[in-house]
Amino acid sequence: MILILLGAPGAGKGTQAEKIAAHYNLNHLSTGDLLRTAVAEGSELGRLAKGYMNKGQLVPDDVILGIIRDYLDEHAGVSVLFDGFPRTVTQAEGLDGLLKGDSVRTVSLEVDDEQVIKRLSARRSCRVCGKIYNTALGINPAPDGRCTCGGEIYQRDDDQAETITSRLMIYHDQTEPVISFYRGKGLLIEIEGTGSPDDVFGRIREVLG
Ligand code: AP5
């Protein structure tokens, strides 16, 4: 099975992906996490991706589809949860071409822009394990100093106000058509993304069973 998690930046994809992958025993692939690791390692992919990511722009489709092709080759027959992919209709069509009869379900988390800006401005992440925290909303409170794994807590470069605005514009322009793409195929499940993370996960479980 392929489960696709869609939603605006800050809609809670990473937060829910952790719960979904554990509950349904899925292999979680976050293209954002993968690209951030490549940037931190200074690899060729990381050097290419960094400029796009820091401006809040999307990494080119051919680069992303190459990553997904390699991942699916290495994980043939395994159930996968995609978090942050596909981000354009070209990526969604490319994914269709890579699948070999796998059943696909798509969950879209619905959160308005005002809430997204609040969440992202206060997000903190662990540099080592990627755990997601927040400093302002009373959920997933960021510990002082270090993550439970001992890693450094930091603020993502693309969580600065100006970059959040361009990420949202790109989401509305390039990623919302992906929602229509899956709706047209009858594969879309829309979930209200507000309330506590456990509330949201409860709604997801209700529809996924
Ligand atoms: P990516 O890492 O995918 O970022 P994103 O889609 O912008 O999503 P975020 O990680 O910002 O948010 P999220 O929805 O996971 O929310 P989270 O759970 O953290 O991509 C980064 C960049 O990489 C892109 O801009 C692009 O450059 C590149 N890229 C990645 N994939 C690509 C692709 N396929 N094609 C091209 N380029 C690509 O939650 C956010 C905050 O809210 C946290 O602090 C959390 O604690 C809090 N929160 C979560 N749930 C709730 C809740 N229910 N109530 C209150 N607060 C909550």
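Is glutamate 176 buried, partly exposed or exposed? In this predicted model, glutamate 176 is partly exposed, its relative accessible area being 32%. Its place is in helix α7, which covers residues 161-184. Glutamate 176 also belongs to a negative surface patch, whose other members are Glu110, Asp112, Glu114 and Glu192.

The overall form of the chain was examined next. Eight helices and eight strands make up its secondary structure elements. The radius of gyration is 16 Å, close to the 17 Å that the globule rule gives for 209 residues, so the chain is as compact as a globular protein of that length. The C-alpha trace spans about 45 × 40 × 30 Å along the principal axes. Of the 209 residues, 45% count as buried.

Side chains of opposite charge can pair when their charged atoms come close. In this chain the count of salt bridges comes to nine. One of them is formed by the side chains of lysine 19 and aspartate 198, with a distance of 3.0 Å from N to O. Lysine 19 lies in helix α1 (residues 13-24) and aspartate 198 in helix α8 (residues 197-208), so this pair ties together parts that are 179 residues apart in sequence. Lysine 19 is partly exposed, with a relative accessible area of 26%, whereas aspartate 198 counts as exposed at 54% relative accessibility.

A further salt bridge joins aspartate 96 and lysine 185, where the closest N and O atoms are 2.9 Å apart. Because aspartate 96 lies in helix α5 (residues 89-98) and lysine 185 in the loop between α7 and β8 (188-192), the pair ties together parts that are 89 residues apart in sequence. Aspartate 96 counts as partly exposed at 33% relative accessibility, and lysine 185 is partly exposed with a relative accessible area of 42%.

Glutamate 152 and arginine 127 also form a salt bridge, with 2.9 Å between the closest N and O atoms. Here both partners are in loops: glutamate 152 in the one between β6 (132-134) and β7 (153-154), and arginine 127 in the one between β5 (123-126) and β6, so the pair ties together parts that are 25 residues apart in sequence. At 36% relative accessibility, glutamate 152 counts as partly exposed.

Two features of the backbone were noted. Phenylalanine 85 and proline 86 are joined by a cis peptide bond, with omega about -5°. Proline 86 is found in the loop between β3 (80-83) and α5. Asparagine 25 has a positive phi of about 55°, although it is not a glycine. This asparagine 25 is found in the loop between α1 and β2 (27-30), and at 67% relative accessibility it counts as exposed.

Helix α3 (residues 44-54) contains lysine 50, which is partly exposed with a relative accessible area of 43%. Lysine 50 and alanine 38 are twelve residues apart in sequence, and their C-alpha atoms are 8.9 Å apart in space.

Notes:
Residues numbered from 1 in each chain as written. Predicted model: local features only at pLDDT ≥ 70, side-chain atom pairs only at ≥ 80, totals over all residues. Heavy atoms only, no water. Patch = residues over 30% accessible without salt bridge, like charges linked within 9 Å, V, L, I, M, F, W, Y side chains within 5 Å. Areas by Shrake-Rupley, 256 points an atom, 1.4 Å probe, with all protein chains shown as cover. Salt bridge = Lys/Arg side-chain N within 4 Å of Asp/Glu carboxyl O. Lys, Arg positive; Asp, Glu negative; His and termini not counted. Charge placed at Lys NZ, Arg CZ, Asp CG, Glu CD. Helix = DSSP H or I, 4+ residues; strand = E, 2+ residues; numbered from the N terminus. Buried < 20%, exposed > 50% of the residue type's maximum accessible area, 1.4 Å probe, protein only. Rg over C-alpha atoms; globule rule 2.2 N^0.38 Å.
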